[in-house]
Amino acid sequence: MLNDNARTKPTKRPALRFKTGADAKAMRLKLRLNQSEFWSRIDVTQSGGSRYESGRDLPRPVMLLLHLVYGTEKQALALLGSLRRN
């Protein structure tokens, strides 16, 4: 159990790198991966990834997974730390 001295002001959550399917698509193209290769790393089907890339809203869990898998090491660690604190 935390005592009052251990409580600190909540830290700001890191900004997510992937907010839209267009962000994910840009990364996929930069990495020169096809949809199956790119989306399978976060357990999303090719057709699901295609729908996101075509404009369907990314669910928050998908945004988080994209950030963890395709973000920089520093970005991934910051997000993971934020998730563990909450």
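How closely do the axes of helix H4 and helix H5 come, and at what angle do they cross? Read on through the views below for the answer. This is a predicted model, in which local features need pLDDT of at least 70, side-chain atom pairs count only at pLDDT 80 or more, and totals for chains, interfaces and linings use all residues. Residues are numbered from 1 along each chain as its sequence is written, and side-chain values use heavy atoms, with hydrogens and water left out.

**View 1. The whole chain has five helices and zero strands.** Helices and strands here are DSSP runs numbered from the N terminus, with helices being H or I of at least four residues and strands being E of at least two. Starting at the N terminus, the elements follow the order α-α-α-α-α. Of the 86 residues in the protein chain, 30% are buried; buried means under 20% relative accessible area, exposed means over 50%, and partly exposed lies in between (1.4 Å probe, protein chains only). Contact means heavy atoms within 4.5 Å. Among contacts between residues at least 6 apart in sequence, 54% join residues at least 24 apart.

**View 2. Helix H4 meets helix H5.** Here is the answer to the opening question: the axes of H4 (residues 60–70) and H5 (residues 73–85) come within 7 Å and cross at roughly 135°. That angle makes H4 oblique to H5. Axes are lines fitted to C-alpha atoms, for helices over the stretch in contact, and angles run from 0 to 180 degrees between N-to-C directions. Angles under 35 degrees count as roughly parallel, over 145 as roughly antiparallel, 65 to 115 as roughly perpendicular, and the rest as oblique. The crossing of H4 past H5 is left-handed, a term for a near helix turned anticlockwise from the far one by less than a right angle, with clockwise being right-handed. On the H4 side, the contact is made by Leu64, His67 and Leu68; H5 contributes Gln75, Ala76, Leu79, Leu80 and Leu83. The residues of this contact divide into six nonpolar, two polar and no charged. In that count, Ala, Val, Leu, Ile, Met, Phe, Trp, Tyr, Cys and Pro are nonpolar, Asp, Glu, Lys and Arg are charged, and the others, Gly among them, are polar.

**View 3. Helix H4 has a set of buried residues.** They are Val62, Met63, Leu64, Leu66, His67 and Tyr70. What covers them includes H1, H2, H3 and H5.

**View 4. Arg17 sits in the segment before H1.** With a relative accessible area of 30%, Arg17 is partly exposed. Leaving out residues up to four places away in sequence, Arg17 touches Asp23, Met27, His67, Tyr70, Gly71, Thr72 and Gln75. The side chains of Arg17 and Gln75 are joined by a polar contact of 3.1 Å. Such a contact is a pair of N or O atoms within 3.5 Å; within protein, one must be able to donate a hydrogen and the other to accept it, and residues adjacent in sequence count only if both atoms are side-chain atoms. Arg17 and Leu64 are 47 residues apart in sequence, with their C-alpha atoms 8.9 Å apart in space.

**View 5. Glu53 is a buried residue of helix H3.** H3 spans residues 46–53, and Glu53 counts as buried because its relative accessibility is 13%. A polar contact of 2.9 Å links the side chains of Glu53 and Trp39. Beyond four places away in sequence, Glu53 touches Gly21, Lys25, Arg28, Gln35 and Trp39.

View 6. Arg32 is not a glycine, yet its phi is positive, at about 60°. Gly55 and Ala22 are 33 residues apart in sequence and 7.5 Å apart in space, C-alpha to C-alpha.

**View 7. Ser82 is buried in helix H5.** The relative accessible area of Ser82 is 2%. Not counting residues up to four places away in sequence, Ser82 touches Arg13 and Pro14.
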